[in-house]
Amino acid sequence: MGVLILLISFSIVVAVGFLLAFIWSVRTGQYDDEYGDSVRILFKDDKPDPPVSM
Amino acid sequence: MAKEGSIACYHCGEDCVPTPIPFDSKSFCCSGCRTVYEILSQNGACDYYDLNTSPGIKANSRETGNRYAYLDQEEIRKEILEFSDGGISTVKFFIPGIHCSSCIWLLENLGKLQKGIAQSHVNFAKKEISITFHDDSISLRQLVELLVSVNYIPEISMDNVRKKTKRKVNNSIYFRLGVAGFCFGNIMLFSFPEYLAGGDFIEGVIVTNLRWFNLIFSLPVILYSGNIYIISAWKGIKKNFISIDVPIALGILALFLRSAYEILSNSGPGFMDSLAGLVFFLLIGKWYQGKTYEALSFERDYESYFPVSVTVLNDDGEETIIPLGKIKIGQRILIRNQELIPADGLLVKGEGNLDYSFVSGESNPVNKATGDRIFAGGRQLGSSIEIIVEKEVAQSYLTELWNRETHEKFTNPKITTLISRISKRFTYAVILISTGSAIAWFFIDPSVSINAFTSVLIVACPCALALSMPFAYGNTMRIFGRNGFYLKETQVVEILSNIDTIVFDKTGTLTQNDDFDISWDKLNLDAKERELIMALAKQSTHPVSSAIYKSRTGIINQTVEKFEEIVSQGISGIVEGNTIKLGSSAFVNTNSTAEQNADGNRVFVSFNNELNGYILLKNKYRQGFSNVISLLGRDYDLHVLSGDNEAERERLSEVFGSSKNMFFKQTPHDKLEYVRKLKLKGATVLMVGDGLNDAGALQESDLGVSIADDVYHFSPACDGILDSGRFETLGNFIRFSKTSVKIVKFSILISLLYNITGTTIAAFGLLTPIIAAILMPLSSVTVVVFVTLSTSYLANKRGISKRYSTPK
């Protein structure tokens, strides 16, 4: 049954990964503007490549 | 939106009055809207119109001229730019006009309209745009002028510029919530085997190991997520104040210490799942309570009203632009048409025609001659004037009032929250019961004593109690917001339910700024001649002219020749052979001695150079005004404070029932003092105002509500902003706030019942982890569901839950 402990440990590692992903998403402001993102994805994408900034 | 039968503008969707302007086989209401369309179609940006029907904002065809010349000044440019290096700059603007997906599309495709814009990104929730551009292709001023040309006018004020550095998002509540949720989920899984009957399925060694995991996962909960409660309770106790956080902190500590002891000594499973759940639920409440309207600002002061810069003239009459804060006493400054007077000063050149309505509440422009003293805050209408500054901006009459008074606010002792009144007694009761049962058990069976003591602390932790208020008031605030009444924070709901006195400002609050009652009584003209006047008025877009034109009954299509408009003076033209002049007394007939503005806005009329009298325009009272007042008058003590003259006393007292509490010619300072006096007499005051002249009173009152035609534009610091279109529902909001306080009281009763049940079990030493793990979430969920559903249901029943869309 010791394998259970091993599996639990692995699952915790995975879960911590998701927690970090959540913290990263908050930090990068992905929840700041829910409406904007929801319509932006529907826009026709005919933008030229963004000019290379120096 | 366009009325039935009339043509809607392709750009903004408003009525095309008087006649549509055809262009490219589409109809436009004004040349401004047409120009915007032209710009967009030339640049292949017509997707704008495909995303939404008529998404534009009505353009007030305005020439920018030198309006934004100050943006070329290096000093100001530096302050406004977020970042600038190596030819690339980034700037952020607040644009109140952003309202739909078309706006986002256009603003993010600005590069199509103009070379040099590398990237633009809209934050819809904040109505903010961030633009990165190449300095050598486009200047900051050109960029702003581009935005103005498509009628997305950025708000640039001293205040915005200064806040740039202070704006920092606080995400810690999300991190706390995330960590607590993560630990809660894991701890629940690890605790589950404990609850399986008998525990035969799982080997003991695994269960014990899982307890260790629980202990590890509980550390971030108590040290990071939950520490705010312990810190806040401790701070409160040091100040001799027992808040709801005290029993919560006691519960959290008791849970953790006892569970840690049980796990370390291998004597029991502990209550770690309850601990994590408790903190998680409490944080959800805190987050819900903290959600506010991001695009609205409740903290504005005179700084957001004043411009960023002023034009200074040197001895040779040369113009230079300097930031507002750098104005010095004795400097000569130039104020153009529609510009604000930034500091008190002496008028030295030109004719002052100053609109102080926002500052003093006086509805009619004030004439000032050379040599007169001018107070800051007025808006010059007409030709340019020059003034010599006498006081620095911060020392001006208006700003000084503001600076001084905010420090000395007299706080009403009656305003303490329901929860804070309860929490004190609650805490004492919890300590009493827990110590009581500990002592009792000490004599019966000493081994249970400490167990019973901690159990009571654990189970009495007022989670449900602490959640009822955030959810009830938070939901109420959201319902209000959907109906055009925006509150600064959830606490305002409770204060609103406590008020007993309402003070109204008149101009702009009870009356509308852009609609007039028109009286033709003082004019000796027949209906035919009136039509000629309307035909002339049709030619002008000035609000007074359009009000006169709008009062027509039939079709007006007489042709007007030689039409002329002199800014802030009047209009003239030849209609069917008659030379007609419409405007101020000076414009129409220089010899007239008639008083200009005794009883409203007088528009003098002359036919063939003969004075005929005047048309009287009075600001219209808001829709439903008399209903609202008579309804509120039954339950509240009503007062009116007006900066205007007494012309309206009679009409107002008819509606208010008496003129006892009506005061006219009130300065901003008078208003503030009046509110203060009411408060000292023991009243709980709601102040309803709109302009800077009410700012002091709004701050001083227990609850300040400002009325705004456009809630995203400037309104003075207050606790709530009411959309002016919803004035008639003011009474409903106040009534509903009382309902929501009742709901909270009832939910407190429910949570106390849970607490009593739990405490009884605990006092008898019967509390097991599984009971705690069921009781605590159950009580919280019941209370949250109850308050949310009942506020929504009752709001729906009273018809105030429907979404009200702010007219654009």
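User: At what angle do H1(A) and helix H8 (residues 172-195) of chain B pack, and how far apart are their axes?

Analyst: This is a predicted model, in which local features need pLDDT of at least 70, side-chain atom pairs count only at pLDDT 80 or more, and totals for chains, interfaces and linings use all residues. Residues are numbered from 1 along each chain as its sequence is written, while chains are lettered from A and ligands numbered from 1 in the order in which they are written. Helices (H or I, at least four residues) and strands (E, at least two) are DSSP runs, numbered from the N terminus. An axis is a line fitted to C-alpha atoms, for helices over the stretch in contact, and the angle between N-to-C directions runs from 0 to 180 degrees. Here the angle is about 165°, and the axes of H1(A) and H8(B) are 10 Å apart. Angles over 145 degrees count as roughly antiparallel, and H1(A) and H8(B) are therefore roughly antiparallel to each other.

User: Which residues of H1(A) and H8(B) meet?

Analyst: Two residues are in contact if their C-beta atoms, placed from the backbone, lie within 7 Å. From H1(A), Ile12(A), Ala15(A), Leu19(A), Phe22(A), Ile23(A) and Val26(A) take part; their partners in H8(B) are Tyr174(B), Phe175(B), Gly178(B), Phe182(B) and Asn186(B). An α-helix has 3.6 residues a turn, so residues three or four places apart point the same way.

User: What span should helix H1 (residues 2-27) of chain A have?

Analyst: The expected span is 1.5 Å times one less than the number of residues. For the 26 residues of H1(A) this gives 38 Å, and the end C-alpha atoms are 38 Å apart, which agrees.

User: How many residues of H1(A) are buried?

Analyst: A residue is buried if 20 or more other C-beta atoms, placed from the backbone, lie within 10 Å of its own. In H1(A) the number buried is zero, so this helix lies largely in the open.

User: How many residues of helix H4 (residues 101-108) of chain B are buried?

Analyst: Seven of the eight are buried, so H4(B) is largely enclosed by the rest of the structure. Among the buried residues are Cys103(B), Trp105(B) and Glu108(B). Their cover includes H2 of chain A, as well as strand E5 (117-123) and strand E6 (128-134) of chain B.

User: How many residues does each chain give to the contact?

Analyst: Chain A and chain B give 22 residues each. On the side of chain A that touches chain B, the largest share, nine residues, comes from H1(A).

Notes: Buried ≥ 20, exposed ≤ 12 C-beta atoms within 10 Å, placed from the backbone. Parallel < 35°, antiparallel > 145°, perpendicular 65-115°, else oblique.
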